[in-house]
Amino acid sequence: MLSILRRYSWHSFAVITTQIGGHEDFVRAIRDLMQKTLYHEFKFTIVKIVTLKETERILIRSEMEDLADSEARIILLFASRQEAFEIMAAARDLGLTGKHYVWIAAQSVVGTQLDTPPGHFPPGMLGVYFNTTINRLYDELERAVTVFAHGLELFVNDHRNSNINLLPNLTCNGTGQTRWNKGDLLFKYLRNVSASVKQGPNISFNMDGSLKYVELQVLNLNNKGVWEKIGVWTDTGLDIKDIVWPGGSPVPPPGVPEKFNLKVTFLDEPPFVNVVPPDNETGECETSRSVRCRIAPEHKLVG
């Protein structure tokens, strides 16, 4: 999501979540990524974070009124698909789905039914997606077994573990310690696994155990109300083709409000009007100021 913001120079954004599981982790991950060295030359600003507590459209609209009054034009959405239906309906009522607003939805909002029009979602909406079909699940099971087998092999081949037993000695009726004492040890070997697989990128892990090479699809809700794949994000960067922008615009919105307030401050001291003689040759003002001026009847310039 932050890569998309960076690509289109959207520095300011808002975050909307419901109380769906993982919403706090979602916000925390965004804050952590904003601090990474990768984005130091591109400054992000979170205009507002809204955690919705209500589920009915009218009540959701009330919770989002402050967002409608803010300067946020780019909004990240983390909710369930059903919750997102009501959220986007409320957003439409508040004028938050026009051509100047871009919504970027998480996987939980997009769901798995990409060919089903998602109701109140506005054309031009963007989404982040990874394949969760049953066939892909089979592939992931195969990858998981591969990681487990390689991790056990690394463990066994390490002579320091010759006298270590990995059995947890846990039973359903046990009353003792329920934590697997050797789990952390095996985790270190699983984390060091590197393997090539038939489907998807090669397997390798970061120090925290997360996958190092991940491929995510970037989706765009077209004018037919169908999610269309328009790009791919990997560890090497973001690759995006043409996008249907909100309101049918041929270019991305600026990400900031068009209207603004201008306050002018000046010192309360004379002179407020300068009277100078006109140019001898042209009879016009000698300066190039933007203030309109005229020649006074006594042939002096008033500016």
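**View 1. A nonpolar surface patch of Ile134, Leu137, Tyr138 and Leu141 in the predicted model.** Together these four residues have about 410 Å² of accessible area. Ile134 belongs to helix H7. With a relative accessibility of 49%, Ile134 counts as partly exposed, because the exposed class begins over 50%. In an α-helix, residues three or four places apart point the same way, because there are 3.6 residues a turn.

**View 2. Helix H7, residues 134-157, and its buried residues.** H7 has 24 residues, and at 1.5 Å a residue these should span 34 Å. Arg143, Thr146, Val147, Gly151 and Phe155 are the buried residues to look for in H7. What do the buried residues of H7 pack against? Their partner is helix H8, residues 183-191.

**View 3. The largest nonpolar core.** This core holds 28 residues. Those touching the most other members are Ile16, Met64, Leu77, Ile87, Trp103, Phe121 and Met125. Two or more residues each come from S1, strand S3 (74-78), helix H5 (81-93), strand S4 (102-105), helix H6 (107-110) and strand S6 (216-221). H5 provides the largest share, five residues. Another core, of 27 residues, lies apart from this one and includes Phe44, Ile104, Ala106 and Ile243.

**View 4. Contacts of Ile16.** Leaving out residues up to four places away in sequence, Ile16 touches Val50, Leu52, Met64, Leu67, Ile75, Leu76, Leu77, Phe78 and Trp103. Among these, Met64, Leu77 and Trp103 are also listed with Ile16 as core residues that touch the most other members.

**View 5. Thr17 in strand S1, residues 12-17.** Is Thr17 buried or exposed? Thr17 has a relative accessible area of 0% and is therefore buried, since the buried class covers values under 20%. Beyond its neighbours within four places in sequence, Thr17 is in contact with His23, Phe26, Val27, Val50, Thr51, Leu52 and Phe78. Val50, Leu52 and Phe78 are also touched by Ile16.

**View 6. Ser9 in the loop between helix H1 (2-7) and S1.** Most residues other than glycine have a negative phi. Ser9, although not a glycine, has a positive phi of about 60°. The relative accessible area of Ser9 is 44%, so this residue is partly exposed.

Key: Residues numbered from 1 in each chain as written. Predicted model: local features only at pLDDT ≥ 70, side-chain atom pairs only at ≥ 80, totals over all residues. Heavy atoms only, no water. Helix = DSSP H or I, 4+ residues; strand = E, 2+ residues; numbered from the N terminus. Buried < 20%, exposed > 50% of the residue type's maximum accessible area, 1.4 Å probe, protein only. Contact = heavy atoms within 4.5 Å. Expected span 1.5 Å × (residues − 1). Patch = residues over 30% accessible without salt bridge, like charges linked within 9 Å, V, L, I, M, F, W, Y side chains within 5 Å. Areas by Shrake-Rupley, 256 points an atom, 1.4 Å probe, with all protein chains shown as cover. Salt bridge = Lys/Arg side-chain N within 4 Å of Asp/Glu carboxyl O. Core = buried A, V, L, I, M, F, W, Y, C linked by side-chain atoms within 4.5 Å.
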